[in-house]
Amino acid sequence: MALLQISEPGQSPAPHQERRAVGIDLGTTNSLVATMRSGVATILPDTQGRPLLPSIVRYLPDSRVEVGYVAQAHQTEDPKNTIVSVKRFMGRGRKDVPYIENQPYDFVDAPGMLQLCTVAGTKSPVEISAEILKVLRARAEISLGGELTGAVITVPAYFDDAQRQATKDAATLAGIHVLRLLNEPTAAAIAYGLENAAEGVYAVFDLGGGTFDISILKLSRGVFEVLATNGNAALGGDDFDQRLVCWALEEAKLPPLEARDMRLLHVKAREAKETLTAHGEAPLTARLSSGEFVDVSLSTETFCRITQHLVQKTIGPTRKALRDAGLDVDDIKGVVMVGGATRMPHIQRAVRDLFRRDPLNNLDPDKVVALGAAMQANVLAGNQPTGGDWLLLDVIPLSLGIETMGGLVERIIPRNSTIPTARAQEFTTFKDGQTAMSFHAVQGERELVSDCRSLARFELRGIPPMTAGAARVLVTFQVDADGLLSITAKEKSTGVEASIVVKPSYGLTDAEIERMLRDSFEHARDDVQARVLQENRVDGERLADAVRVALNRDGELISSAQRADIERLLAALQSMLPGSNHRAIKQAADALNRATEEFASLRMDANVRKALAGRRIADLER
Amino acid sequence: MAEARDGSLQRNMQNHFELFGLEPGYALDAGRLEHAYREIQAKIHPDRFAHAGDAERRASMEWTTRVNEAYRILRSPVLRARYLLELNGVDAALETNTAMPADFLTRQLELREALEEAEAKRDPGALERLRAALRDESETLKSALGEQLDARRDYPAAAGLVRKLMFLDRLDTELDAAFETMDD
């Protein structure tokens, strides 16, 4: 594919050491970490050469934590403390998890997100996910020989704001600098597109262990543009296993079993399902704790019949995505299959029937997301990409709105808007002398607030008393490149300005993250201070680097006085970096950031002008 | 001061067309717009500044947000027409409920009834036919709009056409919702 030839506005002109950046696929069933090695995206295996890390975390009474294969080996004997598929609980409350009664865990319904009672205490899904991420981080740092610059972490495209924020919090807790949250199907599209020099409109059909995404992308001259995305954040291979467990219980005429036996049956059901991918028949046998045996035989026909309704659930979202993209199945050049669950034959058949073409299965559906994330991480970290450059234009999967009279939703940002995006809406007071207004932000496609996910409630106070309808309160929704929302409310009719910025409330507060960090450090015999110092140093170095590059490239955009000011603060930061005062480093970095705001804005201006100038020359050459 | 510098595009250049180096007008070279959009994004997108300092990352996000918004408006014929009217001091959204010709309103009622009937019967074929009919009517209105906006510069007449198109757009959204109900 003809890739964009563009200069890198933020890139260091001088060749320097490659920054250590990785892509992490934090999956429901398995997680992976990958990086670029000699221009090739490569999965980093564990010391025994195994590429996958089962996303399983076991808490032990002595405060030890086991992650991956070790935890997996104990899951049937200790199901309450061995957490599988924790991704399904990220950013979810009790009522959000379908069939929660089938789960072996003791849940606590905390505000915003449920928690799990384990032998090591109450754990949030964020903490549990952080354990998986810590193992991947350690694996990457050993393999790459030093501290990571940052990571791209993938999330299902259909994850809402709460689930994305929870994922980002988990990374922070694991000590990972998040370069970007990247949608899984988009990551797969990068890997597929670059590998196959693909051009045209493609669909990525991603059915993982717990989530389903369908994304429609236009690949053209190095630009990956997501036209539409849809899905179901609670549909995946796990649901097929669960259905098999229920079927096996019915066949064996058994009542619902205790937690250990249920987990055992789950494991056996998954094995039977996987056997069916290559065989027409699979045994499903288990010896229960009561001494009873489950011994049934599962045929492909039975499996397809009892799970057909789950397959059917992928069709509606796929049609919606096509409709939102304004396209017909005949416009789709290829359907890229991603996620282990797409190996199931009736999924393959359903996709073939819907798109009237054979799906593309030439990539390893377990690895492609991590590989794409590694490619993107390499670019975001500022390393020179191999094979040209590319640009991602992604979208927000679910509409964002605000509650109005009568419990109705006023849509502010519709789904499939290209991010980053911002939209504003004006509201007014309805009583004379009203000095405060309360707002309720929601996410979802339904008209009633009660059918959408509540994101944040906030109040704007200090509005000057006026007659009803005179105040003009501008509420702005801003969605950043990670797909995360922040909201600003501002009264603008008077000179007096009342304004507020809110982040949705279900994420962890800084204090909570700090407490969790402290908890984890007690056991790791690490030191929070040292960790903060290290982080501030890395941030400070990154900033100093970026400012130096900016001055070299575009120094002429500012006056010599401004330049001198920035250089003075840059030198001040530089002198602080080797020291051990983390606060002083932070303050110096903040001061430099503030001093470069105007410069940054001018550089962006200049970039736009350069882009247009380049285009005009291209027009002349045509 | 920076405000006085003629290079400060974001502050001085409020016009979406100029942002992409295009002449203001309803008729528009979609290929040129897309090309300019991509060229600009390639230089300012947050992915280019993921490793930069806070100030640059913020500036990049603000700019990209603005460029995405401008692109969204120019790409859509109805939004582009409304925007052109706005540039010429006409607010097409005002008086939405007044001054619609009776024959147009009658036709709207017919279409709406057809939609309700197709929905009640859960008939995707009827919805498809309705969509095709809507597209035809909207195409006719759009070519008339080009004439009024670019050739005659008759903005009040164009505003009337935009209001009609907004009616059709709303019906199209309801059509989408009907399709979705059938998918679920």
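In strand β21 of chain A, the residue that stands opposite A:Leu400 is A:Ile413; helices and strands are here DSSP runs, numbered from the N terminus, with at least four residues of type H or I for a helix and at least two of type E for a strand. The model is a predicted one, in which local features need pLDDT of at least 70 and side-chain atom pairs count only at pLDDT 80 or more, whereas totals for chains, interfaces and linings use all residues. Residues are numbered from 1 along each chain as its sequence is written, and chains are lettered from A and ligands numbered from 1 in the order in which they are written.

The pair A:Leu400 and A:Ile413 belongs to the antiparallel pairing of β20(A) (residues 400-404) with β21(A) (residues 408-413), which extends over 5 bridges; two strands are taken to pair if DSSP finds at least two bridges between them. The two strands form a hairpin with 3 residues between them, and A:Gly406 in the turn has a positive phi of about 80°. A further 3 bridges join β20(A) to the antiparallel strand β23(A) (residues 437-443), where A:Ala441 stands opposite A:Ile402. Strand β20(A) is mostly covered, with 4 of its 5 residues buried; a residue counts as buried if 20 or more other C-beta atoms, placed from the backbone, lie within 10 Å of its own, as exposed if 12 or fewer do, and as partly exposed in between.

Chain A is divided into domain 1 (21-235 + 315-393), domain 2 (237-312), domain 3 (400-502) and domain 4 (527-607), with bounds that come from an automatic or database domain assignment. The C-alpha centres of domain 2 and domain 4 of chain A lie 58 Å apart.

Strand β1(A) (residues 21-26) is largely enclosed by the rest of the structure, because 6 of its 6 residues are buried. Both of its faces are covered, with A:Ala21, A:Gly23 and A:Asp25 buried on one side and A:Val22, A:Ile24 and A:Leu26 buried on the other. Strand β1(A) pairs in the parallel sense with β11(A) (residues 150-155) over 5 bridges, and A:Gly150 of β11(A) is the bridge partner of A:Ala21. With β2(A) (residues 30-37), strand β1(A) pairs in the antiparallel sense, again over 5 bridges, and here A:Asp25 has A:Leu32 as its bridge partner. Strands β1(A) and β2(A) form a hairpin with 3 residues between them.

An open sheet of chain A is formed by 3 strands in the order β6-β5-β7, with antiparallel pairing. Its edge strands are β6(A) (65-67) and β7(A) (82-84), each of which pairs on one side only. Neighbouring strands of this sheet are turned by 20° against each other on average, direction ignored. Strand β5(A) (residues 56-59) is joined to the antiparallel β6(A) by 3 bridges, and A:Val57 stands opposite A:Val67 in β6(A). Helix α2(A) (residues 125-144) lies across β5, β6 and β7 of chain A and runs at about 65° to β6(A); axes are lines fitted to C-alpha atoms, for helices over the stretch in contact, and angles run from 0 to 180 degrees between N-to-C directions.

A:Ser299, found in strand β17(A) (residues 293-299), is partly exposed, with 13 other C-beta atoms within 10 Å. When residues up to four places away in sequence are not counted, A:Ser299 touches A:Gly280 and A:Glu281, a contact being defined by C-beta atoms, placed from the backbone, that lie within 7 Å. The C-alpha atoms of A:Ser299 and A:His279, 20 residues apart along the chain, are separated by 8.8 Å.

In chain B, helix α7(B) (residues 124-152) has 29 residues and reaches 41 Å from its first C-alpha to its last, close to the 42 Å expected at 1.5 Å a residue, the expected span being 1.5 Å times one less than the number of residues. The buried residues of α7(B) are B:Leu127, B:Leu130, B:Leu141, B:Leu145, B:Gln148 and B:Leu149, and what covers them includes α5 (77-87), α6 (102-121) and α8 of chain B. The helix is followed by B:Arg153, whose phi is positive, near 50°.

The contact between the chains takes 40 residues from chain B and 48 residues from chain A. On the chain B side, the elements that give two or more residues are α1 (9-12), α3 (30-44), α4 (54-75) and α8 (155-183), and the largest share, 11 residues, comes from α4(B).

Notes
Two residues are in contact if their C-beta atoms, placed from the backbone, lie within 7 Å.
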